[in-house]
Amino acid sequence: MSLPYAEPYKIKMVEQIYRSTQEEREKWIKEADYNLFNLKSEQVYIDLLTDSGTGSMSDKQWSAMMLGDESYAGASSYYKMKDAVKNILGFDYFLPTHQGRAAENVLFSAMINKGDVVPGNSHFDTTKGHIEFRKAKAIDCTIDEAFDTTLNYPFKGNLDLDKLEAVLKKYPKEKIPMIIVTITNNSSGGQPVSLQNMKDVKALADKYDIPVFYDSARFAENAYFIKIREEAYKHKKIKEIVKEMYKYADGMTMSSKKDAIVNMGGFIGMRSEELFKKASVYNIMFEGYITYGGMSGRDMNALAQGLDEGTEFEVLEARIKQVEYLGNKLMESGIPLQQPIGGHAVFVDAKRFLPQIKKEEYIAQTVAVELYIVGGIRGVEIGTILADRDPETRKNRYPELEFVRLAIPRRTYTNSHMDYVAAVCKKIFDNRHEAKHGMRILEEAPIMRHFTVKLEKIK
Ligand SMILES: *Cc1c(COP(=O)(O)O)cnc(C)c1O
């Protein structure tokens, strides 16, 4: 008999969480204008809003923090992080930034101009925001398989090489500053990109002389899926796979709040010294001097340690198995999910959950609000509200997929919490036929509206 799986860690510190009543939550969510970002964290029982910066650091990371060097220039913490970026990812040049979007801001200031196009695989919202803010256009070249949530395809994050080549052919080289490969592909459901696809994208990019950058927030989870699902790599260590992945990139942006398991931090990795010099000017203007770039020394130390831990098989296995555990429980109740289950989150397919609600009534937001009211669970809408309006026509963009994402923080909740989440989802799913209407927007910002949007329930 094989023994059951159990986590390779024990818990040294606990944090109390408040278990509210449904009456309390009904009042609070109304006061928050039905926007889950507006809730106070004490009003949330299980917070699955994001896995970004919400993970639990290890004893080794906490002890590294005590050794942080807070010198303005040339801190030892900077060199620790520089060594980790070189040894684990292979980049000679790097700039620390306070988080992932700051890395995008600095890099894109150096590379993207008005009228440019940036092909990629379902660009992340902040990435798209920073591209569109510069009056450039993000073009999605994700494979069609990604949009069929029922299809169990191992690498739904992949770029479609024909779609990509059509873009590279259509626009002059000067208008395409880079191709962005997002690993894992967040917006299409935490789905990985295969190493074969990374190689093929790089070959195509070389043919047209365009640099390739990886949006790397969940690069280690991507490497885990390569090991598990891509035959040629099943005997490789995660760190070996990571090294190989980055052979096919000219640079990277990183939100360290994900796979480097810190609460704040980011960076840019580069091969080109010329680009490093150009980006350094913007880093100094927007982030801080090049040896700290918006991070304190202790945070850089924790990040260096986190990059090392986060690329260990055991750490990744525990994390991804917990996500699968929740996903499998939901599927047992018949709840429609993106298939296969992603690395960092379970994506509930809201269109199949509530087929009777019109797309104009924000289906995924309707499900997300119900999860909060019934169980105190905070997920997030990845649907029409997030997709925002078309920058030219100002019309709502209706994405093919409407998800409620339940993101699991790293090393933070137990599987009893996952059982509770699954029970709440089942209760709502069993009563789904009672829902007649969705929501209406009362107020929204001109860009990245999902963070501040105000809504009401349609009666
Ligand atoms: C989180 C994330 C970002 C932005 O990073 P922040 O640290 O939140 O600013 C960019 N791209 C991807 C794929 C991400 O997951």
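How do the residues lining the second largest cavity divide into nonpolar, polar and charged? Six are nonpolar, four polar and one charged, where Ala, Val, Leu, Ile, Met, Phe, Trp, Tyr, Cys and Pro count as nonpolar, Asp, Glu, Lys and Arg as charged, and the others, Gly among them, as polar.

Okay, some housekeeping. This is a predicted model, where local features need pLDDT of at least 70 and side-chain atom pairs pLDDT 80 or more, while totals for chains, interfaces and linings use all residues. Numbering runs from 1 along each chain as its sequence is written, and side-chain values use heavy atoms, with hydrogens and water left out.

Back to that cavity (on a 1 Å grid over the protein atoms alone, points where a 1.4 Å probe fits but cannot get out; lining residues have an atom within 4 Å of a point). Its volume is about 100 Å³, meaning the space filled by probe spheres set on the points, which are joined across faces, edges and corners. Its lining includes Phe37, Glu381 and His450.

Last, the ligand. One of its oxygen atoms is 2.8 Å from a side-chain N or O atom of Lys258, and for Arg218 the corresponding distance is 3.1 Å; a polar contact here is a pair of N or O atoms within 3.5 Å.

Key:
1 Å grid on protein atoms, 1.4 Å probe; cavity = no way out; pocket = protein on both sides within 12 Å on 5 of 7 lines; lining within 4 Å. Polar contact = N/O pair within 3.5 Å; in protein donor to acceptor, adjacent residues only side chain to side chain.
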